[in-house]
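Dear colleague,

I am handing over the structure we discussed, together with a short account of what was found in it. Please read the notes with the coordinates open beside you.

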Amino acid sequence: MSKHTTFKSITLKAIACSVAVTLAASPAVTGVHALAAPASVAGQSIDAAEAQTPIQYQINARLDEKNMHIQGSETVTFRNTSKDTLQELVFHTFADANRSKATQPSMFQRTNEEIQKDNPKLTPDVFLGGIDMKKVTENGQSLTYENKNQALTVRLKQGLKPGEAVTLQLEFDVKIPYGSERLSYYKDIINGGHWFPVLAVYDEAKHQWNKIPYSTTFESDYYTSSDFEVHLNVPDKYQVLMPGTITTRQDKESGRKIVSTVANNTREFVFFASPNYKVESVTRDGLTVEYYYFDNTPDKKKVIDQYIDQAFKAIRFFNDKYGKYPYPEFRIAESYVEGVAVEFSRVIQMGLKGSNADPAHDYVFVHEIAHQWFHSLIGNNSETESFLDEGFADFSKIYFAEKQGDSMNGFKELQSDDSSFDEPIASTNQEVGSNANPVFYGKGRQAIYQLYRLVGEEKFDAFMKEYFKRYEYKNATIAGLLQTIEDTLGKQARDEMDKSLHERQFVLKPEYQLTEAEKIEYMRQQFKEIYHASMSQIPGLPYETMSRIMEKVYAGEPLTVVLSDKAGAKAKKQQEEFWNQIGAALSFTGIKPAVITERQVLKKKMTKELAASNIIVIGSAKTNGLIQALKPGIIQKSKDIGWDWKKMMNKKDGVGAYIIKHPYNQNRLLHHFYWNGDKLTEETAGTFAEQALTALNFTSDYYQYYEMNRSGKVVADKKTANPMAKLFAQE
């Protein structure tokens, strides 16, 4: 999983997460059309399937798109691979996380709040859902069960001994919540995660089933790779995305069809459905990549084709470095999630892509693809050891970028991070709390990089291949990871990694970090790319935009700051304090502009240096020599942004800022932070610099001018909406 802007997880950029058995048809669920499994789809005997996995599912379900319910029947064959005799089976019913707002994942909370604001007539209950169990039987005999706290516990008729198998039939009804969740419907799409009971993992050492409810703060994905045969009854017009080999046939009911799939050795099963999906499919070297998308912007197909190309590149890279992706297909689902990408087995979920998307540098996309190795193929308990999937997925995207020659998104990105956190990388979700992203992703990928540097690329790659070989289709642990390191790289490497994962305040060793000079240059280049990327995504964005002066400076253009030299003592102190705050923000990334405070120096540089420079002016127009000298040109240029300069400069207690083209140079900008009185009022002074920094940033809307009242509140402005501003507001 990745929060795109969890700009925490990818430094400033992200300032930026997947039976084959011939069984008798399950008993019909009330109101559900029983779906017999076509022989051509099943195609495997129980014995053959059990040779691969201990669990097989055959699911027959019907989507009630009018009431947003799924009615389903599920036949599950489970073979006891433990040494214990089992008296009960436990299934996760994570759909019940939607019973209340308190148990729903917090990562979607703000999106749902925005949806409700846009739809005030909606009642809170439409955002809730859940799963109702109708029946659980074995060979037609009812079994005692309890569905509590997202765990369905089924009492068996007799103990299941080691090596024995049992087949249960379950009938259920799921209410799909509205909005944005792993299981939800919104506009014209249904997200189908966690929609049926799935067997929990049995811990032989503790002699107990995993009954932990789904995390409200992060993820709790912990499953056994299983074989799935699923038949989903949907309206004819729906396109349905699922893992596995998909076939379609008409249902007896007019206007409906049955979409079926077989997905063997698959860690989890998810579907996405929409009547408006378009599908782009490309096959290369025996692998088919499919992108299910909405044709919502010009040239969308071109963008999708580029994403498919990038998917092939990433998969080839990870095939070479770790081990071969074993499935014949990989699918991407576009949806309305904002700021979040989600991994599933053989499927990933991305947000809407615009025509200005940059697939070649969309490393959230690569991160989700890497999860096919670290989550789908090599599983783990993401409630207790999230590092094993998120740390390796995030390192993998960095590794990929580095080997593509993208140094800004490669190893330098993690080398530049010298932050530390009290929680060890090996923490549980509960222990790490709100620091899941920086600890599991940021610190996790650094620990892996440190191992990479310690042993060298050739030995590291060999270790990764062995790790993949040992745990493909299985669930790994940190203990198992460390043992693999010791077996392939030696005890010293193991001890180093053990220390990295379990010590508090982990920081990358100094010899593997960037030097201070390298950090400053890297930061500057990062800001250059970020400003350019954020501003270029808005067609027709005016040239006169406050944030653009930053873009130009980070691109290497000169910047000069001119302070008023005729101001009174109080005003001089205020403008110096104001500049110190702005200057500190620039200095942080290595930008040190020329500063002019004397009129004689200003006169000498007016026609040459200042004509070639972008300019920030601070203070009253009446006391600033540059404004007075360029006044006729400034008045004219202000008309271009629809601002009456004369009127505003004569407004009593007027305070604000505007940006125009440099009167002497059409390729440079002049940005004036002004006040009309002798000095700023005490009320205004408190927010003047804060608003200035906001207006200069790439995380806010793009201002041409704004005016503030005596209390420091913006009362009038002209700006262009910035899509990124909403994402940053969610952080």
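Predicted model: local features only at pLDDT ≥ 70, side-chain atom pairs only at ≥ 80, totals over all residues.

Helix H12

Helix H12 comprises twelve residues, 491–502. From its first C-alpha to its last it reaches 16 Å, close to the 16 Å expected at 1.5 Å a residue.

Ala 493, Arg 494, Met 497, Ser 500 and Leu 501 of H12 are buried. Viewed down the axis of H12, the buried residues fall within an arc of 130°, so they line one face of the helix. An α-helix has 3.6 residues a turn, so residues three or four places apart point the same way. Lys 491, Gln 492 and Lys 499 are exposed on the other side of H12.

What covers the buried residues of H12? The cover includes helix H6 (387–403), helix H9 (436–455) and helix H11 (478–489).

The packing of H9 against H12

The axes of H9 and H12 come within 10 Å and cross at roughly 160°. H9 is therefore roughly antiparallel to H12, and the crossing is right-handed. On the H9 side, the contact is made by Ala 447, Ile 448, Gln 450, Leu 451, Leu 454 and Val 455. H12 contributes Ala 493, Glu 496, Met 497, Ser 500 and Leu 501 to this contact. Among these, Ala 493, Met 497, Ser 500 and Leu 501 also belong to the buried residues of H12.

Leu 669

Leu 669 lies in strand E30 (residues 665–675) and is buried, with a relative accessible area of 0%. Neighbours within four places in sequence aside, Leu 669 is in contact with several residues, including Tyr 543, Glu 544, Thr 545, Asn 614, Ile 615, Ile 659 and His 662.

Two residues with positive phi

Two loop residues deserve a look in the backbone. His 194 has a positive phi of about 55° although it is not a glycine. His 194 is placed in the loop between strand E12 (189–192) and strand E13 (198–199), and is buried at a relative accessible area of 15%.

Tyr 473, likewise not a glycine, has a positive phi of about 70°. Tyr 473 lies in the loop between helix H10 (457–471) and H11, and at 27% relative accessibility counts as partly exposed.

With kind regards

How values were computed: Residues numbered from 1 in each chain as written. Heavy atoms only, no water. Helix = DSSP H or I, 4+ residues; strand = E, 2+ residues; numbered from the N terminus. Expected span 1.5 Å × (residues − 1). Buried < 20%, exposed > 50% of the residue type's maximum accessible area, 1.4 Å probe, protein only. Arc of directions from axis to C-beta. Contact = heavy atoms within 4.5 Å. Axes fitted to C-alpha atoms, helices over the stretch in contact; angles between N-to-C directions. Parallel < 35°, antiparallel > 145°, perpendicular 65-115°, else oblique. Left-handed = near helix turned anticlockwise from the far one by under 90°.
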